[in-house]
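Biologist: I would like to learn how to read a few features of a structure. Could we take them one at a time?

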Amino acid sequence: MTSLARSILRDVARSSWMAPLDPLLRRAAFAATALRKATDPTLPHAAKLALDRCYVDGRPLLLGHRGAMARAPENTLGSFQAALDDGARGVELDVTLSGDSVPVVLHDDTLDRTTNIFGKPTDYDAAELAGLDAGSWFPGWGPEIVPSLGQVLQSMPAGAVVNVELKGPTPAYVGLERRAVDVIRAHPAVHVIVSSFHPAQLLEVRRIASELPIGLLVAEQSFLPARTAWTAPLLVPDAIHPPARMVDRSFVDGCRSAGLRVHVWAVPSTDEAARLLDLGVDGLIVDDVAAMAPLFSDAPAS
Ligand code: G3P
Ligand code: MG
């Protein structure tokens, strides 16, 4: 595709002409999800029960976004430990595939921004990625590796919650769902929630691992159905993962009526976190865990 065509498509996708319709369409999507839940006996229940077990005494989850990315190099073992030290119940991380098809933890399509080399993760084996420096770019930190998903899950304490966000889908990441599921199943002591912006990836996870909770990531005002809640009735996820700016009373009520948990990301401030907790959301995925943690000591159980 030419870069002109790509930029036109991107502009259309990001346009806000759908904005007035968004809340209406979302409400319809949540109502249809509730209907499907009430009438489809083939829907699995194990995933919902697994998700319920993530909340201690029904209290909301505090998850560190890419670890503790406000104060540590994102998606590294050091960052995940920092998030736990700062009071998170677990972490969110991003997973792609290495050249030898090992799920590895990296946010971008390339290694350029967060490591000491340039290129794509698929240009390197997992062992080679583990030899890179993904930490020194962050002020005050030394070397950290690009870890595999298995290394991260192995490093987490039993009972921790890990939100595994699948990146892609692109041809380079074909098979990511199966590979990630195999790794997740090998670490049953950790509570995993699999999320993605791409419903097709979550459908595949549900097909091959109906016991795993899935969270549909959504973004506002997008022309692309894949980035809205429109696909919820088809997918019937266990949770919706919206950015904070999308979440208001009607959003939370819609999710509640459909039996969907709400885990919110892109939480810009403690004021915003307090507003979301007051609305009764089920979890926050935050950059600055230390700043948010005090709010969770007295957050009400849902
Ligand atoms: O899972 C929430 C958030 O991580 C989604 O966006 O780009 O930070 O992976 P991104
Ligand atoms: Mg992410």
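Biologist: Is Lys48 buried, partly exposed or exposed?

Modeller: This is a predicted model, and the values are computed from it. Lys48 counts as partly exposed, at 39% relative accessibility.

Biologist: Which side chain does Lys48 meet in a salt bridge?

Modeller: First the general idea: side chains of opposite charge can pair when their charged atoms come close. Here the partner of Lys48 is Asp52, at 3.0 Å from N to O. Both residues lie in helix H3 (residues 46-52), four residues apart, about one turn of the helix. Asp52 is partly exposed as well, with a relative accessible area of 27%.

Biologist: Where do Arg249 and Asp253 lie?

Modeller: They lie in helix H10 (residues 249-257), and because they are four residues apart, about one helical turn separates them.

Biologist: How many salt bridges does the structure hold?

Modeller: There are 18. One of them joins the side chains of Lys167 and Asp94, at 3.6 Å from N to O. That pair links distant parts of the chain, with Lys167 in the loop between S4 and helix H7 (176-185) and Asp94 in strand S2, 73 residues apart. Lys167 and Asp94 are both buried. They also belong to a network of salt bridges that includes Arg66, Glu74, Asp108, Arg113 and Glu165.

Biologist: Which residues coordinate the magnesium ion (ligand 2)?

Modeller: Glu92 (OE), Asp94 (OD) and Glu165 (OE) do, at 2.0 to 2.1 Å. Along the chain, these donors follow the spacing E-x1-D-x70-E. Glu92 lies in strand S2 (residues 90-97) and Glu165 in strand S4 (residues 161-166), so the pair ties together parts that are 73 residues apart in sequence. Glu92 counts as buried at 4% relative accessibility, and Glu165 is buried at 5%.

Biologist: What is the volume of the largest cavity?

Modeller: Again, the general idea comes first: rolling a probe the size of a water molecule over the atoms shows where empty space is left. In this model the count comes to one cavity of 30 Å³ or more, and the volume of the largest cavity is about 50 Å³. Residues lining the cavity include Glu74, His107 and Val146. By class, the lining has four nonpolar, four polar and one charged residues.

Technical notes: Residues numbered from 1 in each chain as written. Chains lettered and ligands numbered in written order. Predicted model: local features only at pLDDT ≥ 70, side-chain atom pairs only at ≥ 80, totals over all residues. Heavy atoms only, no water. 1 Å grid on protein atoms, 1.4 Å probe; cavity = no way out; pocket = protein on both sides within 12 Å on 5 of 7 lines; lining within 4 Å. Points joined across faces, edges and corners; volume = space filled by probe spheres on them. Nonpolar A, V, L, I, M, F, W, Y, C, P; charged D, E, K, R; others polar. Donors = N, O, S within 2.8 Å, 3.2 Å for Na, K, Ca; no water. Helix = DSSP H or I, 4+ residues; strand = E, 2+ residues; numbered from the N terminus. Buried < 20%, exposed > 50% of the residue type's maximum accessible area, 1.4 Å probe, protein only. Salt bridge = Lys/Arg side-chain N within 4 Å of Asp/Glu carboxyl O.
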